[in-house]
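Reader: I'm new to this one. Can you walk me through the structure?

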Amino acid sequence: MTFPETPRYVLPSTTDATVVLRRLARDGWTTREGFALPEAGWDVTGNNLVLFGRVPDLDTVQLVVLAAARGAGVIAIADATGDIGRALIGDLSRLGPVRRDTDTPVVPETGTVEQLAPEQRALLDRLADGETIAAAAAAEFMSLRTANRRIAEARKLLGVRSTREAVMAYLESKN
């Protein structure tokens, strides 16, 4: 089962947040104020839950990022140009696209192969040698889900869409 893209917004005002919340509610998302997730299960991706509220401090930034990492959509009201807003956008961008207005996504900067974690390099090496992701995961002593997540992070860092493109970019950097 595939889920719609999880919404992540950092907006300057309550008015902008209300516009987005109404649109998401029409699309079947459940909205709730506050960023704490009391649910016992870690992954709330399939719940179509969007949390919203003001982000006045770094403690709240941590709650927002944790909620987003667990699969909840988030609509944070914060000044994107201030220290808290920049920290929030930086952390949320590691999870996926962040929107700073009601329509426009923030495009994260692409990184370089040197920024890949050692486990990502090991997986890409194995994929370049023709192994499947499942075989590479087993050889690197990680679950298939973790391997897929690491490869997805590598794709995002390298600014490519497919695993094949990530492997090609990795191989080109080695030459």
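Author: Happy to. One term to begin with: helices (at least four residues) and strands (at least two) are DSSP runs, numbered from the N terminus. Keep in mind that this is a predicted model.

Reader: Good. How many helices and strands does the protein have?

Author: There are 7 helices and 6 strands.

Reader: What pattern do they follow along the sequence?

Author: The pattern reads β-α-β-β-α-β-α-β-β-α-α-α-α.

Reader: And the overall box?

Author: The C-alpha atoms fill a box of roughly 50 × 35 × 30 Å, taken along the principal axes. The protein has 175 residues, and 37% of them count as buried.

Reader: Let's go inside. Which residues have the most contacts in the largest nonpolar core?

Author: Those are Val10, Val55, Leu88 and Leu92. The core has 20 residues in total. Strand E3 (49–54), H2, E4 and H3 each give two or more residues to this core. H2 provides the largest share, with 5 residues.

Reader: Pick a residue from E3. Is Leu51 buried or exposed?

Author: Leu51, found in strand E3, is buried because its relative accessibility is 0%, and the cut-off for buried is under 20%. Leu51 and Thr30 are 21 residues apart in sequence. From C-alpha to C-alpha, Leu51 and Thr30 are 8.5 Å apart in space.

Reader: Now H2. Why does Asp59 count as exposed?

Author: Asp59 has a relative accessible area of 56%, so it counts as exposed. The cut-off for exposed is over 50%. Asp59 sits in helix H2. Its C-alpha atom is separated by 31 Å from that of Ser143, 84 residues apart along the chain.

Reader: Which residues lie nearest its centre?

Author: Arg8, Ala68, Ala69, Leu95 and Arg149. They belong to a lining of 20 residues. Helix H2 (58–69) and helix H6 (144–158) are the elements that give two or more residues to that lining. H6 gives the most, with 6 residues.

Reader: What classes make up the lining of the largest pocket?

Author: The lining has 6 nonpolar, 5 polar and 9 charged residues.

Reader: You named Leu95. Where is Leu95?

Author: Leu95 lies in the loop between H3 and strand E5 (98–99). Its relative accessibility is 32%, so Leu95 counts as partly exposed. The C-alpha atoms of Leu95 and Glu119 are separated by 18 Å. Those two are 24 residues apart along the chain.

Reader: Which side chain does the side chain of Asp79 contact?

Author: That of Thr81, in a polar contact at 2.7 Å.

Reader: One more. What is phi of Phe141 near?

Author: Near 60°, a positive value in a residue other than glycine. For background, most residues other than glycine have a negative phi.

Reader: Where is the place of Phe141? And is Phe141 buried or exposed?

Author: Phe141 is in the loop between helix H5 (133–139) and H6. With 79% relative accessibility, Phe141 counts as exposed.

Reader: Thanks, that gets me started.

Conventions
Residues numbered from 1 in each chain as written. Predicted model: local features only at pLDDT ≥ 70, side-chain atom pairs only at ≥ 80, totals over all residues. Heavy atoms only, no water. 1 Å grid on protein atoms, 1.4 Å probe; cavity = no way out; pocket = protein on both sides within 12 Å on 5 of 7 lines; lining within 4 Å. Nonpolar A, V, L, I, M, F, W, Y, C, P; charged D, E, K, R; others polar. Polar contact = N/O pair within 3.5 Å; in protein donor to acceptor, adjacent residues only side chain to side chain. Core = buried A, V, L, I, M, F, W, Y, C linked by side-chain atoms within 4.5 Å. Buried < 20%, exposed > 50% of the residue type's maximum accessible area, 1.4 Å probe, protein only.
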